[in-house]
Amino acid sequence: MNRKDFILKSCSACIGASTLFALFSSCATTQFANGQLTKDGILIDVKEFELKEKNKHRLYIVVRNEALLFPICVYRFSDTDYAALWMQCAHQGAELNVAGDYLQCPAHGSEYDNRGKVTNGPADRDLRTFPVTLNNNQIFIDLRKA
Ligand code: FES
């Protein structure tokens with residue numbers, strides 16, 4: 001094996017390993033929840049955000065429920081501040097991926113921040129969001145208003 005081949009194979013292995021690590025670490029950190037459907041919305045237990053380490057919380061959870069056409073990404077900013085984002089791209093309707101503190105569209109690359117504001121096109125409008133309220137350690141996502 002000459003030097004060029006060695007460098008190419010080494011770099012391919014490094015890129016493959018780093019890609020796999022990113023893939024597994026992003027999967028490992030995503031918490032999915034069904035939520036409990038109500039007449040007007042969906043309820044999630046605040047405990048869904050808790051991590052094993054004391055006083056540590058997940059950045060977000062993804063609510064998937066068979067009654068919903070798309071998942072809802074719920075970001076946690078504080079004990080009382082949450083944002084619920086409809087994970088359907090505002091460009092042509094593809095389902096978004098969560099990438100830490102932002103969402104990205106696999107179709108054409110649009111990106112949105114954790115409040116649903118479009119930060120990168122081709123999408124030219126923000127995501128649909130839902131009002132969130134807290135009551136007795138439950139997060140209520142109001143699906144009536146959007
Ligand atoms: S459908 Fe999302 S960027 Fe086109």
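Two strands are taken to pair if DSSP finds at least two bridges between them, a cut-off that applies to every view of this predicted model.

**View 1. Strand 2 and strand 3 pair in the antiparallel sense.** Two bridges connect these strands, so the pair qualifies under the requirement of at least two bridges. Within this pairing, Gln 36 is placed opposite Leu 43 of strand 3.

**View 2. An open sheet is formed by four strands in the order 2-3-13-12, with antiparallel pairing.** The edge positions are taken by strand 2 (36-37) and strand 12, and because each has a single partner strand, one side of each is left without a neighbour in the sheet. Strand 3, which covers residues 41-45, is joined to strand 13, which covers residues 138-142, by five bridges in the antiparallel sense, and in this pairing Asp 142 of strand 13 is the bridge partner of Gly 41.

**View 3. Strand 12 and strand 13 form a hairpin with two residues between the strands.** Strand 12 (residues 132-135) runs antiparallel to strand 13, and four bridges join the two; Val 132 is found opposite Ile 141 of strand 13. In this hairpin, Asn 136 adopts a positive phi near 50°.

**View 4. A further set of four strands, in the order 7-8-9-10, forms an open sheet with antiparallel pairing.** Strand 7 (97-98) and strand 10 (118-120) lie at the edges, and since each of them has a single partner strand, one side of each is left without a neighbour in the sheet. Strand 10 is joined by two bridges to strand 9 (residues 111-113), the two strands running antiparallel, and Asn 120 in strand 10 is the bridge partner of Glu 111.

**View 5. The largest nonpolar core contains 30 residues.** The members that touch the most other members are Ile 72, Cys 73, Val 74, Ala 84, Leu 85 and Ile 141. Two or more residues are given to this core by each of strand 3, strand 4 (60-63), strand 5 (72-76), strand 6 (82-86) and strand 13.

**View 6. The contacts of Leu 85, once neighbours within four places in sequence are left aside, include Ile 72 and Cys 73.**

Methods:
Residues numbered from 1 in each chain as written. Predicted model: local features only at pLDDT ≥ 70, side-chain atom pairs only at ≥ 80, totals over all residues. Core = buried A, V, L, I, M, F, W, Y, C linked by C-beta atoms within 7 Å. Buried ≥ 20, exposed ≤ 12 C-beta atoms within 10 Å, placed from the backbone. Contact = placed C-beta atoms within 7 Å.
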